[in-house]
Amino acid sequence: MDLSVIFPVYNEAGNVEALVDDVRRACDPLGREYEIVIVDDGSSDGTADVLRRLKARVARLRVILFRRNFGQTAALQAGIANSRGKVLITMDGDGENDPADIPKLLAALDKGVDMVCGWRQGRWQGSFLTRRLPSEAANRLIGFTTNVRLHDYGCQFKAFHRELAAGLKLYGEMHRFVPVLAHDLGAAIVEVPVGYRPRRYGASKYGLSRMVRVILDLITVKFLSSFKTRPIQVFGLWGLVSLVAGALWTLWLVFERQVYSLPLGNRPGLFLAVLLMFTGMQFITLGLLGEMLARTYHESQGKPTYVIREILE
């Protein structure tokens, strides 16, 4: 199988059939053996019935039905795991990504990069404050934190090779951080402009409420990409700062007591200084425990702490 087009759907009964037909029109002229993998994330609007009818009509279709709603990240991971193509195309299931741009993604991928990310053009027109501003702020925050600069982290329209997909483990809301996880594996990533189509039916399932989850997952991704194999570097640093600050503060209070005869026992500063020292020791201990867990994780499963691109011999 040369190509797998993967998209999760959740309550998209009105959009999924047209999207499948659009994908076929885009992929048939490519001359590649391809499949369409759809993951129904526990829809309750009859999407599963539509997919069953589609499967009887479209031989290239592969349908995965979840027992309940597990979220977009889990659905995307299931689609990747159950696909067979050498090249994977992921996209949203609401029809906002235009499958006519698939050849553009493949052309960019054929230039020797590992992942191509779509950058939606003309999106959020007329919704500057409620949609565009939060989206751009999130993109800048993620880019600044992870050092992977993209214009549109929310775009799920991507193309990448199967060997890269094998190293991606997605949890929580991390589907939007796929480029960051790929970059952590040493992938070369480019971004290409793609079209944007307003959805035909239904309402968007994204909103400002997701920002909290995005920020929490961003913290997780940053920690895993930078300190997964050396947790002592982050916990130990803050622990050492806290411990030294508490010790110096305590010494100063003792100095004031001995030299200036200032009272010591009833001063809130003494309590805070001792608290800083105890907190510092706890952070250092947490870092050491993290080091032990990291080593147990890698050694017990035989997981290397590096990624090899190629061996020449």
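**Group meeting: loops, salt bridges and a nonpolar patch**

Okay, let's start with N147, which sits in the loop between α5 and β6. Before I go on, please keep in mind that this is a predicted model. Back to N147: its phi is near 65°, a positive value, and N147 isn't a glycine. That's worth a look, because most residues other than glycine have a negative phi. Is N147 buried or exposed? It's exposed, with a relative accessible area of 54%.

You'll find S261 in the loop between α9 and α10. Its relative accessibility is 54%, so S261 counts as exposed, given that the cut-off for exposed is over 50%.

Which helices supply at least two residues each? Those are α9, running 232-260, and α10, running 268-301. Which of the elements gives the most? That's α9, with 5 residues.

Next topic, charges. The general idea is that side chains of opposite charge can pair when their charged atoms come close. How many salt bridges do we get here? The count comes to 14, with the cut-off at 4 Å from nitrogen to carboxyl oxygen. I'll walk through a few of them.

Take D110 and R32, whose side chains meet in a salt bridge at 3.2 Å, N to O. D110 is in the loop between α4 (102-109) and β5, while R32 is in the loop between α1 (16-27) and β2 (34-40), so this pair ties together parts that are 78 residues apart in sequence. The two partners have their own accessibility classes: D110 is exposed at 54% relative accessibility, whereas R32 is partly exposed, with a relative accessible area of 26%.

Then there's R60 with E33, a salt bridge at 3.5 Å, N to O. Here R60 belongs to the loop between α2 (47-57) and β3 (61-65), and E33 belongs to the loop between α1 and β2, so the parts being tied together are 27 residues apart in sequence. R60, at 31% relative accessibility, counts as partly exposed, and E33 counts as partly exposed too, at 42%.

One more pair: D101 and K104 form a salt bridge, with the closest N and O atoms 3.8 Å apart. D101 is buried, at 11% relative accessibility, but K104 is partly exposed, with a relative accessible area of 40%. And which residues link up in a network of salt bridges? E17, D21, R24 and R57 do.

Okay, let's turn to R123. Where is it? R123 is in the loop between β5 (115-120) and α5 (128-146). Its relative accessibility is 18%, and R123 counts as buried because the limit for buried is under 20%. What does R123 contact, once you leave aside neighbours within four places in sequence? The list is S135, D152 and Y196. For a sense of distance, R123 and P179 are 56 residues apart in sequence, and their C-alpha atoms are 20 Å apart in space.

Notes
Residues are numbered from 1 along each chain as its sequence is written. This is a predicted model: local features need pLDDT of at least 70, side-chain atom pairs count only at pLDDT 80 or more; totals for chains, interfaces and linings use all residues. Side-chain values use heavy atoms; hydrogens and water are left out. Helices (H or I, at least four residues) and strands (E, at least two) are DSSP runs, numbered from the N terminus. Buried means under 20% relative accessible area, exposed over 50%, partly exposed in between (1.4 Å probe, protein chains only). Contact means heavy atoms within 4.5 Å.
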